[in-house]
Amino acid sequence: MAAISDPGAFQPLAPLPPGGGGGAGAGQGPGGAKLAAAVEAQVPPAEIATIYVFRPIKRDGKEWGTAVVTRKSDTADGRLRVYTAKYMLVVRGKERGQGKFEVVEVGLSPAAVLAQVMQAIVDRGGDTEPPVELAPTAWYEGR
């Protein structure tokens with residue numbers, strides 16, 4: 001899996017049309033499966049506490065997706081290690097199936113604070129759908 005050097009590559013250039021640009025459910029489909037594999041390469045599924053998956057956006061033959069993954073840590077205060085995982089996958093054209101995937105550890109947070117941050121992202125972003133909270137067993141089902 002390749003890391004992305006241009007973080008701006010994940011930003012759609014125009015606002016979403018009414019009804020969004022989704023498709024497969026949050027964390028599902030080829031993009032979600034490849035993102036789950038990229039996360040698994042850095043964070044063993046047994047150590048994952050929670051996964052917050054945002055609705056993917058499809059536009060111009062590409063799909064963009066984001067997830068926030070929390071990992072159990074051994075800190076005395078019970079904070080979780082927080083990772084952001086993003087991807088861009090080509091879904092149409094000659095380069096179909098090719099993509100860029102990035103998983104980055106971004107900090108430590110109590111679980112309650114992270115849940116509030118996820119809701120605040122929705123409130124500030126104007127998105128009508130909050131991220132879907134998944135257990136690792138749901139994301140890695142069938143493995």
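Modeller: Val103 counts as buried, because its relative accessibility is 13%; buried means under 20% relative accessible area, exposed means over 50%, and partly exposed is what lies in between, with a 1.4 Å probe and protein chains only. This is a predicted model, in which local features need pLDDT of at least 70 and side-chain atom pairs count only at pLDDT 80 or more, while totals for chains, interfaces and linings use all residues. Residues are numbered from 1 along each chain as its sequence is written, and side-chain values use heavy atoms, with hydrogens and water left out.

Val103 sits in strand E5, which covers residues 99-109. Strands (E, at least two residues) and helices (H or I, at least four) are DSSP runs, numbered from the N terminus. Which residues does Val103 contact, leaving aside its neighbours within four places in sequence? They are Ala38, Val39, Gln42, Tyr83, Thr84 and Ala85, where contact means heavy atoms within 4.5 Å. Take Tyr83 from that list: 20 residues separate it from Val103 in sequence, and the C-alpha to C-alpha distance is 6.6 Å.

Two aromatic pairs are found in a search of the whole structure; rings of Phe, Tyr and Trp (its six-membered ring) pair if their centres lie within 6.5 Å, and planes under 30 degrees apart count as stacked, over 60 as edge-to-face and the rest as tilted. One of them is the stacked pair of Tyr87 and Phe101, with 5.9 Å centre to centre and 20° between the planes. Tyr87 belongs to strand E4 (residues 80-90) and Phe101 to strand E5, so this pair ties together parts that are 14 residues apart in sequence. Tyr87 and Phe101 are both buried. Trp139 and Tyr140 form an edge-to-face pair, 5.7 Å centre to centre, with 65° between the planes. Trp139 is buried because its relative accessible area is 8%, and Tyr140 counts as buried at 8% relative accessibility.

Next come the charged side chains. A salt bridge is a side-chain nitrogen of Lys or Arg within 4 Å of a carboxyl oxygen of Asp or Glu, and the whole structure has five of them. Arg81 is in strand E4 and Glu105 in strand E5, so the pair links distant parts of the chain, 24 residues apart. Arg81, at 26% relative accessible area, is partly exposed, and Glu105, at 37%, is partly exposed.

Another salt bridge is that of Arg71 and Glu47, where the closest N and O atoms are 2.6 Å apart. Here too distant parts are linked: Arg71 is in strand E3 (residues 62-72), and Glu47 is in the loop between helix H1 (29-42) and strand E1 (48-53), 24 residues apart. Arg71 is buried, with a relative accessible area of 12%, whereas Glu47 is partly exposed at 31%. In a further bridge, Arg79 has its closest N and O atoms 2.8 Å from those of Asp77. Arg79 is partly exposed, at 34% relative accessibility.

Last, the confidence of the model. pLDDT is the predictor's confidence in each residue, from 0 to 100. The protein chain has a mean pLDDT of 78, with 76% of its residues reaching 70 or more. Over residues 1-25 the pLDDT is below 50, and this stretch has 38 contacts in the model beyond near neighbours in sequence.
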